[in-house]
Amino acid sequence: MGDRVKGGKSRHPDLVVEVAHPKIIHESGAQILRHANLLSLRVTMATHPDGFRLEGPLAAAHSTGPRTVLYEGPVRGLCPFAPRNSNTMAAAALAAPSLGFDGVTGVLVADLSLTDMHVVDVELSGHPGPRGRSFAVHTHRENPAEPGAVTGSATVTAFWRSLLACCQLPSRPGIHLC
């Protein structure tokens with residue numbers, strides 16, 4: 001799948017129907033998302049309060065119980081005050097341009113029970129169909145982390161493996177930066 005067809009003409013689909021094999025999603029998922037018409041995308045990041053590096057008005061936020069929502073709103077409003085804790089949310093906003101930084105909801109949760117992990121929940125839904133029902137996807141990720149760490153311990157390994165996988169692509173061997 002590409003944005004250009006034979007002859008160099010650009011194509012912009014009016015409809016994307018995804019019933020593809022996982023290999024297709026792996027190869028073309030980002031392009032599909034660029035044309036998807038999502039209704040909502042919500043990314044919740046929860047960890048122990050010591051795992052946050054907050055700035056501005058969020059720096060003064062304190063846990064008021066075992067689980068406290070520190071921020072809930074557009075990702076654009078969160079990124080400047082939680083630059084080290086909003087990476088996944090910013091990536092989601094970039095991956096869903098039909099919503100962007102103003103349409104993707106970011107939620108930051110201080111959870112006293114999460115002493116050794118970061119938990120990220122991603123929920124997305126589409127517009128209702130003719131019978132009023134929408135598709136929905138919910139993913140839940142638990143990333144082990146040292147107490148007080150901003151980055152989970154599995155993140156570096158996942159990043160490194162992604163880099164190694166890029167080096168082995170038959171179509172474009174090596175790492176290409178733009």
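These legends describe close-up views of a predicted model.

Residues are numbered from 1 along each chain as its sequence is written, and side-chain values use heavy atoms, with hydrogens and water left out. Because the model is predicted, local features need pLDDT of at least 70 and side-chain atom pairs count only at pLDDT 80 or more, while totals for chains, interfaces and linings use all residues.

**Figure 1. Overall fold of the chain.**
The chain has five helices and five strands. Helices (H or I, at least four residues) and strands (E, at least two) are DSSP runs, numbered from the N terminus. Along the sequence they follow the pattern α-β-β-α-α-α-β-β-β-α. Of the 178 residues, 29% count as buried. Buried means under 20% relative accessible area, exposed over 50%, and partly exposed in between (1.4 Å probe, protein chains only). The accessible surface comes to about 11700 Å². Carbon and sulfur atoms account for 59% of that surface. Areas come from the Shrake-Rupley method with a 1.4 Å probe; for residues, only the protein chains shown count as cover. Among contacts (heavy atoms within 4.5 Å) between residues at least 6 apart in sequence, 67% join residues at least 24 apart.

**Figure 2. Strand β1 and its two partners.**
Strand β1 spans residues 38-47. Seven of its 10 residues are buried, so the strand is mostly covered. Strand β4 (residues 117-126) runs antiparallel to β1, and eight bridges join the two. Strands count as paired if DSSP finds at least two bridges between them. Leu-38 has Gly-126 as its bridge partner in β4. Strand β3 (residues 105-111) runs parallel to β1, with six bridges between them. Here the bridge partner of Arg-42 is Thr-105.

Side chains of opposite charge can pair when their charged atoms come close. A salt bridge here is a side-chain nitrogen of Lys or Arg within 4 Å of a carboxyl oxygen of Asp or Glu. The whole structure holds five of them. Arg-42 and Glu-72 meet at 2.9 Å, N to O. This pair links distant parts of the chain: Arg-42 sits in β1 and Glu-72 in strand β2 (residues 67-74), 30 residues apart. Arg-42 also meets Glu-123 in a salt bridge, at 3.9 Å, N to O. Arg-42 lies in β1 and Glu-123 in β4, so this pair ties together parts that are 81 residues apart in sequence. Arg-42 is partly exposed, with a relative accessible area of 28%. Glu-72 is partly exposed at 48%, and Glu-123 is partly exposed at 33%.

**Figure 3. A salt bridge between two loops.**
Glu-55 forms a salt bridge with Arg-84, the closest N and O atoms being 3.7 Å apart. Glu-55 lies in the loop between β1 and β2, and Arg-84 in the loop between α2 (75-78) and α3 (87-95), so the pair ties together parts that are 29 residues apart in sequence. Glu-55 is partly exposed at 33% relative accessibility. Arg-84 is partly exposed at 48%.

**Figure 4. The nonpolar cores.**
A nonpolar core is a set of buried Ala, Val, Leu, Ile, Met, Phe, Trp, Tyr and Cys residues joined through side-chain atoms within 4.5 Å. The largest has 23 residues. Leu-41, Leu-78, Met-89, Val-104 and Leu-108 have the most contacts inside this core. At least two of its residues come from each of β1, β2, α2, α3, β3 and β4. Another core, of five residues, lies apart from it and includes Ala-46, Val-107, Leu-114 and Val-119. Residues up to four places away in sequence aside, Val-104 touches Leu-41, Val-43, Gly-73, Pro-74, Val-75, Ala-92, Ala-93 and Leu-99.

**Figure 5. The buried face of helix α3.**
Met-89, Ala-90, Ala-92 and Ala-93 are buried in α3. Seen down the helix axis, the buried residues fall within an arc of 160 degrees, so they line one face of α3. The arc is that of the directions from the helix axis to the C-beta atoms. These buried residues pack against β1, α2, α4 (100-103) and β3.

**Figure 6. His-48 in its loop.**
His-48 is placed in the loop between β1 and β2. At 17% relative accessibility, His-48 counts as buried. Leaving out residues up to four places away in sequence, His-48 touches Asp-111, Leu-112, Leu-114 and Thr-115.
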